[in-house]
Each structure stands twice: as C-alpha cells, then as structure tokens.
Protein chains: 2
Amino acid sequence: MKNTPTILISNDDGITAKGIETLVKVAKEFGQVVVVAPNSPQSAQGHSITIEDPIRIYRNTIFGSNVVAYECSGTPVDCIKIAKNVVLKGSDIDLCLSGINHGSNASTNVIYSGTMSAAMEASMEGIPAIGFSLLDFAADANFEAAEKIVRQIVRAALKDGLGSTKLLNVNIPNVSFESINGIRICRQAKGYWIEEFKEGKDPLQRPYYWLTGKYEYQDSGEDTDIWALENNYVSVVPVKHDLTMYEALDSLDHFSSKV
Amino acid sequence: MKNTPTILISNDDGITAKGIETLVKVAKEFGQVVVVAPNSPQSAQGHSITIEDPIRIYRNTIFGSNVVAYECSGTPVDCIKIAKNVVLKGSDIDLCLSGINHGSNASTNVIYSGTMSAAMEASMEGIPAIGFSLLDFAADANFEAAEKIVRQIVRAALKDGLGSTKLLNVNIPNVSFESINGIRICRQAKGYWIEEFKEGKDPLQRPYYWLTGKYEYQDSGEDTDIWALENNYVSVVPVKHDLTMYEALDSLDHFSSKV
C-alpha cells in the first residue's frame with residue numbers, strides 16, 4: 001500500500017446525506033479521499049445497475065477542495081463502477097467505504113441495501129470494502145459515536161487488512177459512545193420482513209399500494225449481528241458474494257440427469 | 001402440498017417477454033398459476049425494492065382466462081412481495097418460478113439479476129423458488145429446449161422438493177434440446193465484469209457514460225455453473241441468502257475490541 005492510501009467513498013442516502021459527511025471527515029485523516037455518490041436517495045436499491053440509460057457525473061466541492069467529489073445520476077453500484085473505470089481509471093483504490101447509512105443493514109437487510117451493494121461491488125472488483133450503518137433512520141441522526149467507531153475500524157483495516165474477506169458489514173447501535181460495549185465479529189442473523197401494503201387511492205381514485213412492514217428475527221443465537229446490536233455492541237460481519245449453498249449440493253440428485 | 005399446487009410466476013424482462021410465456025405454459029400443466037410480473041423491463045435491478053413511491057397492479061388476461069395475471073409497476077422483488085401480501089394474501093404458495101430470463105444469470109450474475117432476486121425474495125419468505133435463464137439475450141430467443149428442461153425440473157421440484165435449499169439458479173445453454181448433455185448440480189463460478197463506459201455527448205453536448213463490459217471468469221473448476229454451460233449442460237446451483245463468510249470469522253480479531 002502507498003504511504004497515502006486512496007479511499008473511495010459512496011453511499012445510498014445520497015451525496016448530501018449527513019452520514020457520508022462523517023465518513024469523509026474520518027477518511028480524510030487517513031488518505032486521499034475520492035467520493036462518487038448518488039445525487040438522490042437510493043435506499044433499498046440492492047445491487048441494481050443502470051443499463052437502459054446513460055449515467056452522468058458532476059464534480060462538486062461540497063467536501064472542500066481536498067476531496068475529489070462527484071455526484072452521480074446512477075445507483076450505488078453504478079457509482080462504484082464509474083469511480084473505478086472513469087474517475088479513478090488506472091489508479092489503485094486501497095479501500096472503499098460506503099455509508100454511513102441512516103438505518104440498520106444488519107441481518108438479511110444486507111441483501112436489500114444499496115450501501116452494502118456499493119461495498120459489495122467494490123469487493124467483487126478486488127477492492128477491500130466496508131459498509132457502515134447507524135441504527136437511526138433520521139436524516140439528522142447523531143453520528144458522534146459512529147465517527148469514533150469508523151475511525152477505529154478504518155485504522156485497523158488500513159493497518160492489518162480485512163483478514164480473509166474483502167467485505168465487512170458494520171452496524172453501529174444508536175447509543176452514546178460511552179454506552180457501546182465493544183466491537184464483535186458476528187454472523188448474519190436469520191430474519192425477514194413481514195410486509196404489509198398500505199392501500200390507498202390517488203387523487204383520481206385509482207388504487208395504489210405502498211410497501212411497509214416490520215422486521216422479524218428468527219434467530220436466538222448470541223453470535224449474530226442482531227444480538228450484538230441489541231446488547232450495544234458494534235457488529236462486524238464478513239460478507240461473501242459466492243451465494244452457493246454448498247451444504248445443499250448433495251441433496252439435489254433428483255434434478256441431476258442425462259436429460 | 002395440495003393436489004393442485006399454486007405456482008407464482010414472475011420475471012425481470014417484463015410480463016410481455018417471450019420467456020415468461022414459456023414458463024406460464026409449462027406451469028399450467030402442473031397447477032394453478034398466478035403471475036405478478038413487472039410492466040416494464042427490469043433487468044439488472046438486483047434486489048431493489050420500491051419504498052419511495054406507491055406500487056400499482058393491473059389485472060390482465062394475456063395468458064388466458066385460466067391464469068390470474070397482474071402487471072406491476074414495481075421491481076421483480078416488489079412483484080413477489082405484493083403477490084404474497086395482496087394478490088395471494090392468506091393463500092399458500094407452493095412454488096415460485098422466475099424467468100425464463102433472456103440471458104445468463106450464471107456465476108456472480110446472480111447478484112445483479114432481477115430474475116434471481118425475485119426468486120430469492122420468495123425463498124426468503126419461505127416459498128421454494130427456482131429462477132430460470134436461457135443463454136440468449138435476444139427478445140425472440142428460441143425457448144423450445146428450455147421448455148422441456150423447465151418441465152423436467154418443475155416436475156421434480158413438485159414431486160420431491162428442493163432438497164435442503166429453498167432456491168435454485170437454473171441456467172440453460174442456448175442449444176437444441178438434442179445437444180444438451182444433461183443437468184448438473186454446480187457451484188457458482190468465480191468471475192466478474194470488466195467494465196467499460198461508452199462515453200458520449202447528448203444533444204446539448206453534455207457528456208454521458210453508458211455501462212458496457214464483458215464478463216471474465218476466474219475459475220477453472222469443472223464443478224461450476226460456467227463449466228457446465230460451456231459443455232452444454234444445464235446448470236443447477238443451490239443458493240442461500242446468508243452472506244456471512246464463515247471461514248473469515250476467525251481472521252478478524254484485530255477489529256474486535258472493548259472500544
């Protein structure tokens with residue numbers, strides 16, 4: 001790694017969100033920061049990419065003159081792709097940080113999360129990546145404790161790497177720094193959304209449905225991210241992008257055939 | 001399972017795509033078919049969901065009077081959520097089929113794929129699910145061989161289940177049925193997209209970038225989906241939604257702390 005590492009930053013709440021500001025502030029202490037982030041909120045965009053339309057990027061100076069920042073018309077994953085292949089073409093990227101997301105990406109939310117998808121895209125392209133989320137959906141969430149946690153984790157990542165993974169999902173409980181009990185390495189908790197659709201009528205009296213719901217955990221393990229967060233620990237889950245369920249390979253012989 | 005299973009069908013190419021028509025045709029032979037599919041192409045939408053806007057569904061009869069079909073203004077994942085929670089609220093869904101996608105979803109494409117995300121969403125909600133893809137992007141692709149493969153796989157799934165997984169990623173080579181050597185249970189091949197952005201100027205001379213690229217495999221294993229497809233086998237990969245990289249849990253002690 002170079003003496004001054006290049007740190008790419010993105011998010012899914014958009015380039016003007018409070019959470020990314022905290023991330024940029026901390027990252028500037030460690031290296032040369034390049035931001036490519038969506039110009040509109042992209043929560044729950046998952047690993048969506050833009051293929052039917054062109055993407056645009058616009059340079060801006062909202063993070064000051066030391067930070068190369070672009071807002072991008074695409075999804076979080078688009079931001080990473082265009083950062084690597086256009087903005088930073090030919091340069092090494094030492095670390096990608098995504099977030100700080102306003103709201104949890106623990107448990108299976110990792111699958112829906114634009115924040116984590118940006119980080120996953122970076123990791124798929126070989127860049128060590130960390131997604132950060134604070135358990136507070138509010139636009140004016142308090143990132144003071146999160147800032148200290150991010151600093152500690154980024155320092156450890158730049159010094160000693162990400163172990164044998166390329167991607168970490170870090171969630172931070174919404175409590176004061178003094179109330180945080182520590183940082184725990186966890187597995188992803190089992191759980192899923194129980195949806196309700198709020199049915200309504202538009203001004204022309206046509207029906208619409210609006211997604212809502214609550215998250216239900218189905219996991220009582222004390223080694224999960226959910227357990228950690230409920231007990232005021234920061235959760236760190238190593239993430240992979242090989243989705244093969246290896247343990248099921250031997251249970252599918254009835255599909256295998258000569259045709 | 002009931003004598004007449006309820007089969008939910010969706011896709012990401014849109015309700016008027018040729019691939020879903022083949023899937024509906026086969027599924028009707030086995031059970032009561034309900035289609036909820038996007039009213040516009042949603043390729044590469046990943047696990048995107050719609051939370052900032054309402055969703056609309058419209059009943060139609062394009063698959064004949066025996067098939068309950070709705071087109072939906074949302075993403076593939078939205079389609080599954082609204083099918084389960086509105087269209088089929090309170091009813092059991094015995095199997096979810098997604099596709100047949102026009103184009104490959106092998107290797108890490110499973111992560112970008114709207115087709116596979118619809119199937120994954122169903123599996124996360126406890127519904128056994130299969131995503132089908134044919135290795136031909138053309139709108140008028142020939143689904144004759146795929147139809148026979150789908151029939152064979154759906155029959156086996158309804159008779160004997162999906163083993164110890166809830167989700168299969170099935171890819172079908174673009175060759176005649178006679179040229180298909182069989183069906184193989186596989187793991188997801190390693191690989192990634194090498195992107196280029198085609199740079200252009202819009203009519204007002206403002207720059208834009210359009211995503212393009214080619215897929216590069218980084219895997220020489222003969223147990224992968226890519227190997228199977230290149231050797232004219234149908235690939236069947238069991239898929240999970242626990243993204244924890246368990247093998248990395250012990251390599252991250254330098255992050256773990258008391259704060």
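1. **Before you start.** This is a predicted model, in which local features need pLDDT of at least 70, side-chain atom pairs count only at pLDDT 80 or more, and totals for chains, interfaces and linings use all residues. Residues are numbered from 1 along each chain as its sequence is written, while chains are lettered from A and ligands numbered from 1 in the order in which they are written.

2. **Overall build of chain A.** Look for six helices and 11 strands in chain A; helices (H or I, at least four residues) and strands (E, at least two) are DSSP runs, numbered from the N terminus.

3. **What is buried, and what meets what?** In chain A, 54% of the 259 residues count as buried (20 or more other C-beta atoms within 10 Å of the residue's own, with C-beta atoms placed from the backbone). Among contacts in chain A with a separation of 6 or more, 77% join residues 24 or more positions apart; a contact means C-beta atoms, placed from the backbone, within 7 Å.

4. **A helix pair in chain A.** Helix 2 (residues 76-87) and helix 4 (residues 114-124) of chain A have axes that come within 7 Å and cross at roughly 30°. Here axes are lines fitted to C-alpha atoms, for helices over the stretch in contact, and angles run from 0 to 180 degrees between N-to-C directions. The two helices of chain A are therefore roughly parallel (angles under 35 degrees). On the helix 2 side, Pro76(A), Val77(A), Cys79(A), Ile80(A) and Lys81(A) take part, meeting residues of helix 4 that include Gly114(A) and Ala118(A).

5. **The pair in chain B.** Helix 2 and helix 4 of chain B also have axes within 7 Å, crossing at roughly 30°. Helix 2 of chain B is largely enclosed by the rest of the structure, because nine of its 12 residues are buried. Among them are Val77(B), Cys79(B) and Ile80(B).

6. **Where the chains touch.** How many residues of chain B are in contact with chain A? There are 68, and they touch 68 residues of chain A. Helix 2, helix 5 (144-160) and strand 9 (191-201) of chain B are among the elements that each supply at least two residues to the side touching chain A.

Key. Contact = placed C-beta atoms within 7 Å. Parallel < 35°, antiparallel > 145°, perpendicular 65-115°, else oblique.
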